[in-house]
Structure formats: C-alpha cells, structure tokens
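Welcome! Please take a moment to look over the protein below, and then let's walk through its main features together.

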Amino acid sequence: MLYRVPGSEDQGLSAFVRAGGAPNDRNLINFYADGGFIYKGLLTRRPNDKIGVAAAYARVGDNARGLDSDIGFFGNFFCPVRSGETMIEMIYQAQLAPWWTLQPEMQYIIRPGGGVLNNDGRFRPNAWVIAVRSALSF
C-alpha cells in the first residue's frame, strides 16, 4: 500500500508489479511483466469499491522469432517477425453485496498476438476489449 486513508485499514492507493521468464526452447512467450495501481474507497458512499489502471507486456521468445525470420528468408517474404504484445487496462470493481462483485473493464491491446498476420494476410490492428467480470464468494 502506497497511501492509506487515515482511520481505515484497507482504503487507499496500492500498487503491484509482477514479472516472470520462461525458457525459449519450449515456450512461445519468454518474458512477461505487469503492474498497476488500485485505489479502494474512492467514493465515500462505496467504501469497498476499487478503481484501477494497469499495463502488461508479453515478449515472444527468441526461438519463435527465429522461426518467423527463417520463414521470411526462405519463402514468405511478407511474414512478420513477432515481437510482443502490450496491454493497458482500466477497471472498476463494485462490491454489490458482501459476497458479490461486478467488474467492468476496458483494455487496449497493442500488437495483438505480437504482430502476427490475420488469415487474409493483413496485419492485425490494435484492439479494444470491453468486458464484465462477476465473482460470487460463499
């Protein structure tokens, strides 16, 4: 927690960061990192609601990138070399009942699939994702 609202135990601004790696020879993604900020209790009438912003990056591994380069060199000159995918996200998590949360979110994906082509041969454009999650806890 970076900032705690005076007189509260869990309201305020929190941050998170996570990173991991995996061997190139058996994984498409060899590096992943994400991080963000969450504020709990922004609205006084809704003390358990959370609002957040986050970003994530997934890097395509060297072996998969090498395969893309070989495909481009030995025949399909229009085959791109995949690089990585970046995601930016905003969420609002509403505590509707002690056992129920509803979380609308909006994401912007930069280079979906790491820069892979669509089936029709065109580059895959950046994409918006709008979703709603719900969780029930008993």
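Predicted model: local features only at pLDDT ≥ 70, side-chain atom pairs only at ≥ 80, totals over all residues.

Two strands count as paired if DSSP finds at least two bridges between them.

- Strand β3 (residues 29-40) and strand β4 (residues 50-60) run antiparallel and are joined by 11 bridges.
- If you look along this pair, you will find Tyr39 standing opposite Ile51 in β4.

**The helix**

**Salt bridges**
- Side chains of opposite charge can pair when their charged atoms come close.
- The model has 8 salt bridges, counting a side-chain nitrogen of Lys or Arg within 4 Å of a carboxyl oxygen of Asp or Glu.
- One of them joins the side chains of Lys40 and Asp10, at 2.5 Å from N to O. This pair links distant parts of the chain, 30 residues apart: Lys40 is in strand β3, while Asp10 is in the loop between β1 and β2 (12-21).
- Lys40 counts as buried because its relative accessibility is 14%, under the 20% cut-off. Asp10 is partly exposed, with a relative accessible area of 39%.
- Another salt bridge is formed by Arg82 and Asp68, whose closest N and O atoms are 2.8 Å apart. It too links distant parts of the chain, with Arg82 in the loop between α1 and β5 and Asp68 in helix α1, 14 residues apart.
- Are Arg82 and Asp68 buried or exposed? Both are buried.
- Asp120 and Arg122 also form a salt bridge, with their closest N and O atoms 2.8 Å apart. Here Asp120 is partly exposed at 49% relative accessible area, whereas Arg122 is exposed at 56%.

- Which residues make the nonpolar surface patch of about 750 Å²? They are Leu96, Trp99, Trp100, Leu102, Val132, Leu136 and Phe138.
- β6 (100-110) and β7 (127-136) each supply at least two residues of this patch.
- Leu96 lies in strand β5 (residues 84-97), and it is partly exposed, with a relative accessible area of 41%.

How values were computed:
Residues numbered from 1 in each chain as written. Heavy atoms only, no water. Patch = residues over 30% accessible without salt bridge, like charges linked within 9 Å, V, L, I, M, F, W, Y side chains within 5 Å. Areas by Shrake-Rupley, 256 points an atom, 1.4 Å probe, with all protein chains shown as cover. Helix = DSSP H or I, 4+ residues; strand = E, 2+ residues; numbered from the N terminus. Buried < 20%, exposed > 50% of the residue type's maximum accessible area, 1.4 Å probe, protein only.
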